[in-house]
Amino acid sequence: MSSPDERREALKELFHEARGCVRCPQLAQTRHTVVFGAGNANADLMFVGEAPGRNEDERGLPFVGQAGKLLDTLLGEIGLARDQVFIANVLKCRPPGNRDPHPVEIERCQEYLFRQIELIEPTVICTLGNFATKLLRHDTTGIMRLHGRAEVRMVGPRSVRLFPVFHPAAALYTPSNVDVLRQDFRALPELLALGAPEQPPALVEPSVEDEPNSDPPAPPDAVAPGEAQPAIAAEVEAAPEPESEPAPAEPHPAQLGLF
Ligand code: URA
């Protein structure tokens with residue numbers, strides 16, 4: 001468990017890594033921005049959509065088109081605002097023409113999503129549509145069968161309450177789907193009130209008495225004389241991976257206030 005500031009910093013680092021990603025050569029060529037995700041780094045509730053569309057690709061933020069407006073409305077109806085949740089996608093780059101994500105793209109991109117989930121530690125993950133639901137459940141069961149039913153599942157090393165719902169874009173032109181989404185959203189406050197599900201034993205943090213050395217940990221920026229400055233060390237560690245290129249000089253302005 002990290003402090004809110006540590007979480008935010010770790011997410012920012014991951015964001016900077018993702019901004020230079022070229023794992024999917026086609027998407028890296030055709031995208032305008034890497035839509036990393038946005039919201040509250042300490043949110044209990046996280047939404048996972050499919051992939052950025054045209055508006056998201058232009059603005060660098062998730063769910064800012066028509067589907068995003070519907071998402072905002074549904075959130076408002078249960079008393080939540082965007083800055084209380086975190087919103088991400090399975091793919092961080094727009095597939096050209098809004099085609100479906102290819103399996104190989106999901107495979108290459110999923111690490112970013114799983115690391116986001118690991119850092120944010122949401123108690124509830126609401127998957128929007130089939131792609132997010134299938135990826136996080138590691139199962140091909142479709143959204144028609146699963147929507148509106150909460151399950152406790154392992155996502156990475158943590159146990160979370162997974163709550164699949166229809167994708168808002170799928171509901172846009174079908175009013176009856178909006179009703180179903182609205183109905184499903186109504187279950188979210190109660191689900192959040194349950195708190196985190198029980199975690200597997202390995203994740204239960206040892207109490208101070210259990211620790212062999214009970215000295216308080218050094219503050220993250222404490223530097224012993226003669227040691228490398230942490231900022232320099234961090235830069236060395238953050239050197240681009242072979243599959244990444246140096247990120248563009250400045251993030252899209254709207255992305256600066258991401259978390
Ligand atoms: N649809 C998605 O799945 N994600 C977005 O960010 C926008 C539309």
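Here is a short tour of the structure, one selection at a time.

**Before you click**

This is a predicted model, where local features need pLDDT of at least 70, side-chain atom pairs count only at pLDDT 80 or more, and totals for chains, interfaces and linings use all residues. Residues are numbered from 1 along each chain as its sequence is written, and side-chain values use heavy atoms, with hydrogens and water left out.

**Stop 1: the sheet**

Switch to cartoon view and pick out the strands; helices (H or I, at least four residues) and strands (E, at least two) are DSSP runs, numbered from the N terminus. Six of the strands make an open sheet with mixed pairing, running β1-β3-β2-β4-β6-β5. At the edges you'll find β1 (38–39) and β5 (151–155), each with a single partner strand, so one side of each has no neighbour in the sheet. Two strands count as paired if DSSP finds at least two bridges between them.

**Stop 2: strand β3**

Now select residues 85–89, which are β3; this strand pairs with β2 (residues 45–49) in the parallel sense over five bridges. Show side chains and look for Leu45 opposite Val85, then Val48 opposite Ala88. Turn to β1, and the pairing with β3 is antiparallel, over two bridges. There, Gly39 has Phe86 as its bridge partner.

Is β3 enclosed or open? Five of its five residues are buried, so the strand is largely enclosed by the rest of the structure. (Buried means under 20% relative accessible area, exposed over 50%, partly exposed in between, with a 1.4 Å probe and protein chains only.) In a regular strand the side chains alternate between the two faces of the sheet. Here Val85, Ile87 and Asn89 are buried on one side, and Phe86 and Ala88 are buried on the other.

**Stop 3: the ligand**

Which residues surround the ligand? They are Gly49, Glu50, Ala51, Glu56, Pro62, Phe63, Asn89 and His167, going by a heavy atom within 4 Å. Next, look for polar contacts: pairs of N or O atoms within 3.5 Å; within protein, one must be able to donate a hydrogen and the other to accept it, and residues adjacent in sequence count only if both atoms are side-chain atoms.

- Asn89: a polar side-chain atom is 2.8 Å from a nitrogen atom of the ligand.
- Phe63: a polar backbone atom is 3.0 Å from an oxygen atom of the ligand.
- His167: a polar side-chain atom is 2.8 Å from an oxygen atom of the ligand.

On its own, the ligand has 240 Å² of accessible area, and the protein covers 92% of that (Shrake-Rupley method, 1.4 Å probe; for residues, only the protein chains shown count as cover).

**Stop 4: Ser159 in β6**

Select Ser159, in strand β6 (residues 158–165). Ser159 is buried, with a relative accessible area of 6%. A polar atom of its side chain lies 3.5 Å from the backbone oxygen of Glu198.

**Stop 5: helix α5**

Finish on residues 103–120, helix α5. Pro103 is in this helix and is exposed, with a relative accessible area of 66%. Follow the helix to Cys109, where α5 bends by about 45 degrees, the angle between axes fitted to the seven residues ending there and the seven starting there. Colour the buried residues, including Ile106, Cys109, Leu113 and Ile117. Just past the helix, Glu121 takes a positive phi of about 55 degrees.
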